[in-house]
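This briefing goes through one structure topic by topic. Keep the sequence and the 3D view open while reading.

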2 protein chains.
Amino acid sequence: MDINNLCLGALSLGEASGYQIKKMFEKQFSHFQAASFGSIYPALAKLTEQGLVSFREETQEKRPTKKVFSITPAGRQQFAKNLRETEPSEQYRSDFMVLMTFAHLLPQERLTEVLERQTAQIKAELETLQEIYANNQRLTCGMRFTLEYGITVNQSLLALMEQRGDQLVLEIEMEKREASAP
Amino acid sequence: MDINNLCLGALSLGEASGYQIKKMFEKQFSHFQAASFGSIYPALAKLTEQGLVSFREETQEKRPTKKVFSITPAGRQQFAKNLRETEPSEQYRSDFMVLMTFAHLLPQERLTEVLERQTAQIKAELETLQEIYANNQRLTCGMRFTLEYGITVNQSLLALMEQRGDQLVLEIEMEKREASAP
DNA sequence: TCCGATATATATTGACTCGATACATAGCAG
DNA sequence: CTGCTATGTATCGAGTCAATATATATCGGA
């Protein structure tokens with residue numbers, strides 16, 4: 001699923017400027033997709049060219065002029081078609097996991113810090129998702145499901161980090177001592 | 001964490017050719033990092049230029065000539081330094097979540113298929129991780145932790161999919177009917 | 001009051017990465 | 001004997017990101 005398509009999807013929920021689409025990626029979609037201006041603006045230009053979205057210019061007082069994009073009927077049709085053909089793939093990239101894989105190369109204080117930071121991150125993400133879930137009545141069933149999905153993951157990870165974190169630091173220190181004096 | 005660094009990390013576990021490094025990304029590291037030839041070969045060239053890795057050419061019978069790369073002491077030092085400065089960030093990208101967000105635009109059969117496929121994917125990933133965990137004595141504590149992390153996530157997701165999947169299909173169909181005849 | 005942070009808004013650039021492809025050889029299954 | 005899988009090196013085009021440029025405005029703190 002490329003950014004062209006994701007912009008089409010975002011606009012299928014309502015008209016928006018490039019800046020506002022970026023905000024949507026940072027808020028509603030942040031737990032499963034990301035996009036930068038460097039891909040959003042070219043995508044909107046291309047979609048306009050293809051007649052899948054249109055825009056009107058909105059001059060604002062005390063703010064720069066906005067280009068408000070809307071999805072066209074052709075765009076809506078195209079998005080539904082692309083969606084039907086999209087395979088449910090996933091990709092996960094984690095520097096945290098890399099740090100854990102090579103944890104024996106980290107000083108103990110740094111390892112502790114990394115684990116604490118990761119735990120805090122998970123906690124923050126969990127709270128964000130729970131807040132969206134609780135304070136939003138207009139969510140579709142599908143959206144509610146993605147939130148449940150994210151909440152489930154983060155809850156089980158938080159439990160793992162809290163149960164296993166301190167123990168891991170000790171294990172790694174043991175391993176280091178064994179390696180240096182076998 | 002860029003691919004240069006990841007290659008350095010891979011080579012810190014033992015010498016390997018570009019092809020073998022790719023295999024490592026597909027096996028040991030597949031649940032948290034990925035890399036293609038298009039990034040691995042340029043990375044190895046750059047690292048060689050910087051003196052962080054070196055290589056010898058190994059002529060094989062009935063096989064193309066191999067370039068076997070090894071990490072140099074300077075490379076090992078650089079990797080440890082980079083690791084200390086790496087922040088534990090994570091990124092997750094999921095077309096499955098996009099499909100769920102816009103599930104109301106999918107035909108029912110396709111939605112069912114997507115959910116089944118996702119469940120199968122999670123099951124497969126879970127089995128792969130459990131197999132590595134069980135059949136490998138040489139793992140470091142850190143590596144074992146990354147496997148536990150992955151197993152935890154996939155177990156809780158599998159439970160969610162099995163509890164919630166069928167129900168979701170019904171909910172979405174209800175929602176569609178309400179939307180078309182309010 | 002002025003400085004820096006934050007927010008709204010569009011847009012581009014360089015660097016990085018992926019997926020596909022090319023080239024070369026060989027074994028194995030149908 | 002054709003196609004698939006495997007080992008191996010390497011590049012190219014297309015897509016993407018992070019940073020930056022350019023404007024303007026608000027708001028809090030020194």
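Which residues does B:Leu99 touch, not counting residues up to four places away in sequence? In this predicted model, B:Leu99 touches A:Leu83, A:Thr86 and A:Pro88 in chain A, and B:Leu106 and B:Val114 in chain B.

**The core**
- B:Leu99 also belongs to the largest nonpolar core, which has 79 residues.
- The members that touch the most other members are Cys7, Leu11 and Leu99 of chain A, and Cys7, Leu11 and Leu99 of chain B.
- In soluble globular proteins, nonpolar side chains tend to be buried together.

**Helix α1 of chain A**
- Helix α1 (residues 3-12) of chain A has eight of its 10 residues buried, among them A:Cys7 and A:Leu11.
- Within chain A, these buried residues pack against α2, α3, β1, β2 and α4.
- They also pack against α5 (95-101) of chain B.
- After the helix comes A:Gly14, with a positive phi near 150 degrees.

**How the two chains are related**

**Around DNA strand D**
- DNA strand D is surrounded by 22 residues, and the closest are A:Asp2, A:Gly38, B:Ser17, B:Tyr19 and B:Gly38.
- Two or more residues each come from α3 of chain A and from α2, α3 and β2 of chain B.
- By class, this surface has nine nonpolar, eight polar and five charged residues.

How values were computed. Residues are numbered from 1 along each chain as its sequence is written. Chains are lettered from A and ligands numbered from 1 in the order in which they are written. This is a predicted model: local features need pLDDT of at least 70, side-chain atom pairs count only at pLDDT 80 or more; totals for chains, interfaces and linings use all residues. A nonpolar core is a set of buried Ala, Val, Leu, Ile, Met, Phe, Trp, Tyr and Cys residues joined through C-beta atoms within 7 Å. A residue is buried if 20 or more other C-beta atoms lie within 10 Å of its own, exposed if 12 or fewer, and partly exposed in between; C-beta atoms are placed from the backbone. Two residues are in contact if their C-beta atoms, placed from the backbone, lie within 7 Å. A residue is near a molecule or strand if its C-beta atom, placed from the backbone, lies within 6 Å of it. Helices (H or I, at least four residues) and strands (E, at least two) are DSSP runs, numbered from the N terminus. Ala, Val, Leu, Ile, Met, Phe, Trp, Tyr, Cys and Pro count as nonpolar, Asp, Glu, Lys and Arg as charged, and the others, Gly among them, as polar.
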